[in-house]
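Here is a short walk through one protein model. Keep the structure open while you read.

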Amino acid sequence: MTQYTSTVQAGSELFSRVERIVSRTPVADIHTHLYDPGFRSLLKWGIDELLVYHYLVSESFRAGPWDYDRFWASSTSQQAEWIWNRLFVAQSPLSEAARGVITTLNALGLDPRAGDLAALRQWFSLRSSEKHVEQVLEVAGVESICMTNSPFDPEETVYWRETPRRDPRFVGALRIDPLLLHWKEARTTLKEQGYDPGDSLNDTAITAIRRFLEDWTRRIESRYCMVSTPPDFAFPADTDSAWILEKAVLPHCREHGQAFAMMMGVRRGVNPQLRMAGDGVGQADLTALAALCRGFPENRFLVTCLSRECQQELVILARKFPNLHPFGCWWFNNTPQLIEETTTLRLDLLGTSFTFQHSDSRVLDQLIYKWKHSRAVLTQCLTRAYTQLGGAGWVPTDIELERDVRRLLGGSFDEFLLGDRAGRFESEVSRAS
Ligand code: HDL
Ligand code: ZN
């Protein structure tokens, strides 16, 4: 009887069962930078947008000459041609993001080998955004998409003032980085929007910030509230960030049933010349997360970390705090090797009480490759896990496989948000004592 196998027998009967169920289980994509088609130009799609994805921008600069100004002064289609030639013509598209373009084009029935960007542009140009959304969601197997909605982004807030016709599959998620990380600037925005917090952090500021959060939460029908934090984010701490988080944001989340999502360990602007492509990674101090989970048991924390080194500590913290839900293999972790490593770690220590992946897609068509690539790794991880379970004498039925996969692809996320886990946990503990 196989007790443990680190390699998966692809093509085995179990592998085939798992692969079939993973491929047909619809995904709730809990973090993306996509927009409802009602937001018109904010929803990016097509070959040029695929090629100028910031992951590919940074990769294309690996070969000189590094003429940043000339690149940024050129048009999107010129940038796309430049990237195509460097990453797809001068070498094989071996990186995850470059391979993703190939996966996506083939899945849409297009031939990347033709290398004719003009013909590809023509194909995309003939499609309406609504029709393209239907096809991409169908091909990608995605049933819902959390957007990233920032009340600090004037390009976006203009649409909310028009109360856009909404596609219910595109779910709101309130993004508040400036509020927590750049209070001096954020204060100006709040004042401009009619929430005058005054000049110091006191009860007046709390009232203004909470009204701001409440109005935006309602306006976008937010699923959760999110921030990305730098490696040195500290809590508790004598900082504006810690004060606003404790006095305004976490009480708001408790009152409005909002989980608080933290994406931890991003170093913004490591190379400013690469603009959005210039961000880097640092090891987050997760003692701050432990303090938040411990100090605010009625708040629920959705967390993903950017550094590989943080992944085990995050999983172990999740074992200590029922109000902590790890999710996704974020950004630089979104590679087959690190998805497999992280997911195996999580399955071994958390079972299915986490969310396997989010796509972080910025371009609609990316949903296709990000979920095709991730599903392939999930199939590997689950086949290994069920092989081990079988070796222990417990062979899962298809119903059980479907249940488990649904949990990993959005079901555990829903349960965590709706289950008021921390409250129920508290009541169970208090009843027992
Ligand atoms: O802060 C974030 O939400 C990150 O996901 C950044 O947007 C990053 O640029 C990204 O797209 N990562 O995949
Ligand atoms: Zn993101």
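The paragraphs below go from the core to a helix, then to strands and cysteines.

This is a predicted model: local features need pLDDT of at least 70, side-chain atom pairs count only at pLDDT 80 or more, and totals for chains, interfaces and linings use all residues. Residues are numbered from 1 along each chain as its sequence is written, chains are lettered from A and ligands numbered from 1 in the order written, and side-chain values use heavy atoms, with hydrogens and water left out.

Start with the core. A nonpolar core is a set of buried Ala, Val, Leu, Ile, Met, Phe, Trp, Tyr and Cys residues joined through side-chain atoms within 4.5 Å. Buried means under 20% relative accessible area, exposed over 50%, and partly exposed in between (1.4 Å probe, protein chains only). The largest such core holds 132 residues, and Val249 and Phe260 have the most contacts inside it. Helix H17 (residues 366-391) supplies the largest share of this core, 9 residues. What does Val249 contact, leaving aside neighbours within four places in sequence? The partners are Ile176, Leu179, Leu180, Leu213, Cys225, Ile244 and Phe260, where contact means heavy atoms within 4.5 Å.

Now take H17. Helices (H or I, at least four residues) and strands (E, at least two) are DSSP runs, numbered from the N terminus. Gly393 follows H17, with a positive phi near 100°.

Turn to strand E9 (residues 301-305). Its 5 residues are 5 of 5 buried, so the rest of the structure largely encloses E9. Phe301, Val303 and Cys305 lie on one side, Leu302 and Thr304 on the other. Two strands pair if DSSP finds at least two bridges between them. Strand E6 (residues 259-264) pairs with E9 in the parallel sense over 5 bridges, and Met264 stands opposite Cys305. Strand E10 (residues 324-326) runs parallel to E9, joined by 3 bridges. There, Leu302 stands opposite His325.

Last, the cysteines. A disulfide is a pair of cysteine sulfur atoms within 2.5 Å. By this rule there are 0 disulfides. Cys225 counts as buried at 1% relative accessibility, and Cys253 is buried at 2%.
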